[in-house]
Amino acid sequence: MSKEQILSSDGVPLEVSLKKAERRNKIRALMLVGPLFLFLLITYVFPIGDMLFRSVDDRMITSKLPNTFAALEQWDGKELPDEEVYEAFYKDFYPLAIAKEAGKLYQRLNYEKSGFSSGLKKTNRKIKKFEKGNYKEQFMATHKIWNKVEYWTALKNTGPNWSYAKYLKGMDLKFDDQRNIVQVAEDRQIHKILWLRTLNVAFWVTVFCFCLAYPISHLLATLPMKYSNLLMICVLLPFWTSLLVRTSSWMVLLQQQGPINDLIVWLGLAANDNRPELMYNVIGTFVAMTQILLPFMVLPLYSVMKTISPSLMRAGKSLGGTPLTAFIKIYFPLTMPGIGAGCLLVFIISIGYYITPALVGGASGSLISNTIAYHMKSSLDWAFASALGTMLLVGVLAIYWVYNKLVGIDNIKLG
Amino acid sequence: MALPNYTPIHYRIWHYTYLVICSLVFFFLIAPLFVILPLSFNAEQYIHFSEKMLALDPDGFSLRWYKDMIWGTKNPWGLATKNSLVIAFFATIGSTILGTVAALGLSSRHMPYKAAFMALLISPMIVPLIISGTAIFFFMAKVGLAATHTGIILSHIILGTPFVVITVTATLSGFDHSVTRAAASLGSNPVNTFMKVTLPLITPGVISGALFAFVTSFDEVIVVLFLAGLENTTIPIQMWVGLREQLSPTILAVATCLIIMSTLILVSAELLRRRSERLRGINR
């Protein structure tokens, strides 16, 4: 049987004509998405890539001291380097000292090995009076760091253009003199505590939100519309209210002379002159974050519970189940997508939470994002802020990945 | 929820316990907001209830902090309000247009790699704000837009579009495409069809997306904190600065105004949602 070609009205085979129309539609859809896609690509996706790049970029020293690193290539690292290395360093450092551009070097090299900063500063002052020739002796006379092999080793170690030292720092690890990875001293391990605290807060806030949200979502979903709409305001008004307003209301409530402490004193749980500290610690962070993130748990739970027919529970009971078994075997499994979405949402938001911990958390309640902001705003160690940000981002993406494997990301419902 | 007469006593007890628990949770949700209201009318400089206030003595209350907010010397709220409104206005327009257009493309059944595009377009909402803020700051600093309104507006467009994309695609998912085909068969060109048929039907979704974008911009702290110079200060930044220094009654007055604003936004969002459901023929 020969295949008969169907022609469209203008004589083109229908198949071809259809494909053309299909392609046109595809292009049209792509063109609609195009502007936002390009906008986000340039202003958002590339900058995140830039952040990754900054966290490992370590070309600053090499670019400031090119001759030194070229000369150090030959050095075996056993004894003090030869005159030519000192001369190369003079060639690199002299213009920097004249132009007053050596500041970044102090900081970076001092991070590699402490002592560099004072040594370089002194060298910076003296180098202008150096005489030509015999640089090795002049350097060694200037400061004791130039007599020590360790400092030259440390300098040579900064040679590679890419370094994951910032990531090690984020995990309280560092390179020792032999380039082995070791833990930093016990009393300086601050980041591990921060990561653990962040995870801890995010976990417990998620649990609290879930425990509080489940009953009220159920109530909202089962009440007649006219009552539930009214009660829904209690959920939606905080949801739409500025985060700072809600945080400031918690600051009013939790302060030492605040209503909650008044209540505690009135109930006789604490003496008036010994009011408990509710704010500027982890308690404040927990309470305020739970209340602030509760709507994010209620809304997905509610939207899932709304779709569960009450007759299912009745059927369960009529088949002999107690209300409890009916709930465990029927209702609870059906709410799983809502539970998943709500927990994911709350966990992800709280893991990157900044404002509330910064205001009510104090020192013992601050989280990893506060540290990122500190390095962005105050210490200006942007590379380290980038490294911490990247670690957080990887963590968040991993959570999404696991969630997607377990529940499926499409099951997320927003309000 | 009245219980039938035959309910056994232990179910009754459980039921009422459940209602009490729920009321406590609702109280926990809403009560903190209402603490601010009376305290913002405090006649004294403290932010706890004075004895006169508790006795409901009119002398205990005053509009002093509201006056301070508006006419106080050296107060930043005027500039901050202006900046916040300008930034939020342009950011809303930008994100609404970009987001709606993209949502139209994403909802087309001819769109290739739909899931991947969707994931990318809503990523600013998924990635923790502190990371987005860091990345956006690097970009804006590089192109010289740090400490400018333009830079902040662009950042808020980035953060606001995901909400528009989500609400508009949700609206379009219940959209009856035969009406656009009908318009096309009656000789309307695509642009005309969009303006006359599609847009009026999805308007509620677009506006509620725009509301989300507005609130996102109006309430955003982290990016502005990284980017803003002194002239770009916004209401949230001023509140942030104020709260870090000292909790003053003036901040509570500002907070009260913001609560009133969010009530208005809530009411309009709720009305829009109902209208949208009615238009799409969903009766729940």
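1. Contacts in chain B first: among those between residues at least 6 apart in sequence, 75% join residues at least 24 apart. Two residues are in contact here if their C-beta atoms, placed from the backbone, lie within 7 Å. Keep in mind that this is a predicted model, where local features need pLDDT of at least 70, side-chain atom pairs count only at pLDDT 80 or more, and totals for chains, interfaces and linings use all residues. Residues are numbered from 1 along each chain as its sequence is written, while chains are lettered from A and ligands numbered from 1 in the order in which they are written.

2. On confidence, the model scores ipTM 0.84 and pTM 0.84. Chain B has a mean pLDDT (the predictor's confidence in each residue, from 0 to 100) of 84, and 95% of its residues reach 70 or more.

3. What does chain B consist of? There are 13 helices and zero strands; helices (H or I, at least four residues) and strands (E, at least two) are DSSP runs, numbered from the N terminus. Chain B is more spread out than a compact globule, because its radius of gyration is 24 Å, well over the 19 Å that the globule rule gives for 284 residues. That radius is taken over C-alpha atoms, and the rule is 2.2 Å times the number of residues to the power 0.38. The C-alpha trace of chain B spans about 75 × 75 × 35 Å along its principal axes.

4. Of the 284 residues in chain B, 43% are buried. Buried means that 20 or more other C-beta atoms lie within 10 Å of the residue's own, exposed means 12 or fewer, and partly exposed is in between, with C-beta atoms placed from the backbone.

5. Now the A–B contact: 65 residues come from chain A and 65 residues from chain B. Helix H1 (residues 14–56) of chain A gives the largest share of chain A's side, 19 residues. By class, that side has 47 nonpolar, 13 polar and five charged residues. Here Ala, Val, Leu, Ile, Met, Phe, Trp, Tyr, Cys and Pro count as nonpolar, Asp, Glu, Lys and Arg as charged, and the others, Gly among them, as polar.

6. H20 of chain A (residues 382–406) has 25 residues and reaches 36 Å from its first C-alpha to its last, close to the 36 Å expected; the expected span is 1.5 Å times one less than the number of residues. Its buried residues include Phe384(A), Met391(A) and Leu393(A). The buried residues of H20(A) pack against H1, H9 (165–170) and H19 (368–377) of chain A, together with H7 (129–142) of chain B.

7. Have a look at H10(A), where a kink of about 30° lies at Ala213(A), shortly before the proline Pro215(A). The bend at a residue is the angle between axes fitted to the seven residues ending there and the seven starting there.

8. Two residues deserve a check of phi. Most residues other than glycine have a negative phi. Phi of Asp172(A) is near 60°, and this residue sits in the loop between H9 and strand S1 (173–175) of chain A. Phi of Tyr113(B) is near 50°; Tyr113(B) lies in the loop between H4 (77–107) and H5 (114–121) of chain B. Asp172(A) is partly exposed, with 18 other C-beta atoms within 10 Å, whereas Tyr113(B), with 11 C-beta neighbours inside 10 Å, counts as exposed.
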